[in-house]
Amino acid sequence: MTAPFPPPGESAACGETRLAVPGMRCAGCIAKIESGLAVLDGVVSARVDFTAKQVRLVHRPDLEPPAIVDALSALGFDAHVLVTPLTIVDDSAEQRRLLSALGVAAFAAMNIMLLSVSVWSGAAGGNRAMFHWLSAAIAIPTVIWSGRPFFGSAWRALRHGRTNMDVPISIGVSLATAMSLYETVTGGEHAWFDGAVMLLFFLLGGRVLDAMMRGRARQGALALMQASASGANVIDAAGIGHWVRAEEIQPGARMLVAAGERIAADGILESGACRIDRSMMTGEAVPVTMAVGDELLAGMLNLDGPIIIVANRVGEDRAIAGLARAMQDAGQHRSRYVRIADRAAKLYAPAVHTLAAASFIGWMIAGAGVHQSLLIAIAVLIITCPCALGLAVPVAQVVASGALMRAGVLVKDGSALERLASASRVVFDKTGTVTLGRMVPIAIDRLDRRQQSLALALAQASAHPLSRGLAAALRAMGVAPATLHDISEVAGQGMCGHDGAATVRLGRPSGSSDGGTAVALTIGNEPPTLIAMADVLRPDAAAALARLRQMGMESMLLSGDNEAGVAPIARALAITAVSAARPEEKLALIQNMSAAGDRVLMVGDGLNDGPALAAAHVSMAPSSASDVGQQAADLVFMGDSLLSVPRAVMAARRTMRVVKQNMALAIGYNIIAVPLAIAGLATPLIAAVAMSLSSLIVVGNSLRLIRATSGVAR
């Protein structure tokens with residue numbers, strides 16, 4: 001067996017460098033970085049992972065990392081080279097700053113709106129001036145504090161001769177605040193402090209949610225690395241064992257791995273025959289017997305007695321590290337996905353500010369004067385405040401996600417429902433996904449009561465997956481364990497105990513079991529009784545696939561298990577299947593399908609599914625999945641029923657219909673409101689009321705999803 005993924009930077013002619021770029025904010029930043037680095041001499045390719053805020057460069061060996069950092073600095077981005085490719089950038093400090101800014105903006109917006117209501121209700125003279133001054137006292141510090149994430153980003157962009165989405169936001173907020181202060185100082189009738197602060201509040205809310213979701217997504221590769229053993233008992237030249245951390249194990253080290261322990265580094269089995277649970281790396285449901293000279297990989301589980309492994313790949317060279325790198329790289333395409341709201345916002349900002357500038361110039365030409373022209377331009381900015389547009393997508397997603405949560409489906413990524421709605425093909429893993437991932441006995445009721453009782457007594461004393469499945473099934477039948485003495489486990493053979501003078505054994509059959517999985521129960525000199533074991537289908541699996549077909553989505557089975565384990569499941573579900581697929585083969589198949597135009601929904605549960613889950617257009621995992629599977633997936637469904645998959649797809653499609661309606665409402669509002677503002681007919685009261693009503697309409701339309709989504713999610 002060879003490592004499924006190469007070590008970092010392995011290439012005959014090129015090197016690889018990864019850099020952390022915490023200043024990335026939007027899709028424009030991605031394009032700026034990738035296009036700016038592409039022209040750098042020596043760069044072969046540059047790809048941004050927006051989720052992790054990292055850049056991966058493949059380049060000629062003569063291009064030094066400092067030159068890359070300087071090139072990014074010239075583009076306006078601070079960057080630093082990552083020590084290892086799997087370094088997770090800690091941006092918890094940035095999240096705390098965003099939360100602090102959001103909290104201040106929320107408090108200020110509520111209070112300023114209360115003061116504004118008094119002005120709208122008819123307060124005049126000294127009372128109106130007092131309310132304006134109180135609003136100014138709250139708004140100005142708020143804008144300075146809560147606007148820092150936008151102002152700092154905008155200034156860095158302008159300083160390097162470029163723009164980003166934070167530039168027009170900063171201009172709009174600053175101009176509205178400055179003119180409001182001017183109106184307050186000169187005793188003017190209107191002020192726009194409420195609009196400026198509300199705009200900050202909504203935009204910060206989006207930033208906080210996005211940062212939190214990116215944080216969850218980044219933990220996938222880290223969880224994968226943590227799935228292997230934290231260290232190993234390394235035997236020195238004197239034959240004495242010492243505990244050594246996984247990252248400190250050296251090639252050639254002799255690792256003593258006890259039964260029930262995971263392997264910390266890749267290596268060759270030197271002594272001790274054993275059965276190995278390879279499911280974490282390959283997805284195989286049945287343990288495999290390994291012999292001296294076979295290669296074992298970090299993360300695999302030793303099921304039998306102690307073995308000695310000679311390490312040959314350690315640290316970043318381990319297969320599991322390659323799996324984590326593949327998972328990170330595969331997830332980059334998803335980071336490049338541009339949501340509907342992002343696409344709309346990209347067009348919205350320049351359009352609104354162009355209209356505001358044109359309004360100012362037009363009214364100046366018409367002779368309205370600087371003050372009046374500026375007020376009309378600000379009215380255009382206020383009345384076209386992107387609150388409705390900004391709420392169109394997230395409110396619908398939050399409502400739908402809440403309904404799905406109550407139905408047992410957790411939505412982890414803000415864009416997951418949007419991508420799920422557009423999925424065209426479903427790829428299922430087998431073990432633990434289409435099946436329950438638990439080996440259970442078949443026709444166990446054929447055993448008599450004595451056999452069942454003796455089998456339970458031995459099975460419950462073992463941690464082997466087959467024993468656990470057998471014990472659980474017998475307990476569910478109400479079987480009571482027999483009283484045995486001298487119970488022991490024989491490495492590679494199974495359990496042994498004594499019932500009086502009779503020896504009772506439960507373990508590996510001595511003969512063939514027709515390619516299936518079975519355990520043998522032997523009582524004294526009686527012939528052994530075979531107990532067939534199988535991984536059973538999830539409830540409603542056939543019905544789930546039939547419903548997906550009705551929705552226009554074809555399904556296939558993609559499993560690391562062997563042909564004997566996959567073929568019966570594929571026949572039962574009437575779907576095509578690919579068996580014995582290693583993690584890198586799963587990843588390649590998903591990438592090939594995507595390149596052919598399929599928008600793949602990957603449903604998997606294991607560590608070995610991590611890269612494929614990350615590479616898919618959208619992904620789901622059962623709640624019984626490994627930590628890596630759950631981290632890599634966009635949605636997690638609870639319970640055993642596979643019907644959660646088509647239900648989630650239907651809910652996502654309904655959600656996107658509502659999102660498109662919300663976008664149409666927001667755009668329709670602007671089509672009506674903007675001409676009024678440009679014509680000078682929109683007073684601040686009309687602008688504020690119209691802005692609020694547009695947001696309320698979008699929220700109300702989204703709330704319809706509570707009933708609609710709950711209906712399909714049951």
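1. Ground rules. This is a predicted model, so local features need pLDDT of at least 70 and side-chain atom pairs count only at pLDDT 80 or more, while totals for chains, interfaces and linings use all residues. Residues are numbered from 1 along each chain as its sequence is written, and side-chain values use heavy atoms, with hydrogens and water left out.

2. Overall make-up. The protein comes to 25 helices and 26 strands; these are DSSP runs numbered from the N terminus, with helices being H or I of at least four residues and strands E of at least two. Of its 714 residues, 52% count as buried (under 20% relative accessible area; exposed is over 50%, partly exposed in between, with a 1.4 Å probe and protein chains only).

3. Contacts and surface. Take the contacts (heavy atoms within 4.5 Å) with a separation of 6 or more: 70% of them join residues 24 or more positions apart. The accessible surface is about 29600 Å², and 61% of that belongs to carbon and sulfur atoms. Areas come from the Shrake-Rupley method with a 1.4 Å probe; for residues, only the protein chains shown count as cover.

4. The main core. The largest nonpolar core has 46 residues, and F428, L601, M620 and V645 have the most contacts inside it. Its largest share, nine residues, comes from helix α23 (residues 644–678). A core here is a set of buried Ala, Val, Leu, Ile, Met, Phe, Trp, Tyr and Cys residues joined through side-chain atoms within 4.5 Å.

5. A look at M620. Leaving aside neighbours within four places in sequence, M620 is in contact with a list of residues including V409, L601, F637, V645 and A648.

6. A greasy patch. I667, I671, I672, L676 and L681 make a nonpolar surface patch of about 510 Å². I667 is found in helix α23 and counts as partly exposed, at 44% relative accessibility. Patch residues have over 30% relative accessible area and no salt bridge, with nonpolar side chains (Val, Leu, Ile, Met, Phe, Trp, Tyr) joined within 5 Å and like charges within 9 Å. A salt bridge is a side-chain nitrogen of Lys or Arg within 4 Å of a carboxyl oxygen of Asp or Glu.

7. Backbone spots to check. D540 is not a glycine, yet has a positive phi of about 65°; D540 sits in the loop between β21 (529–537) and α18 (541–550) and is partly exposed at 38% relative accessible area. A574, also not a glycine, has a positive phi of about 60°. A574 lies in the loop between α19 (563–573) and β23 (576–578) and is exposed, at 62%.
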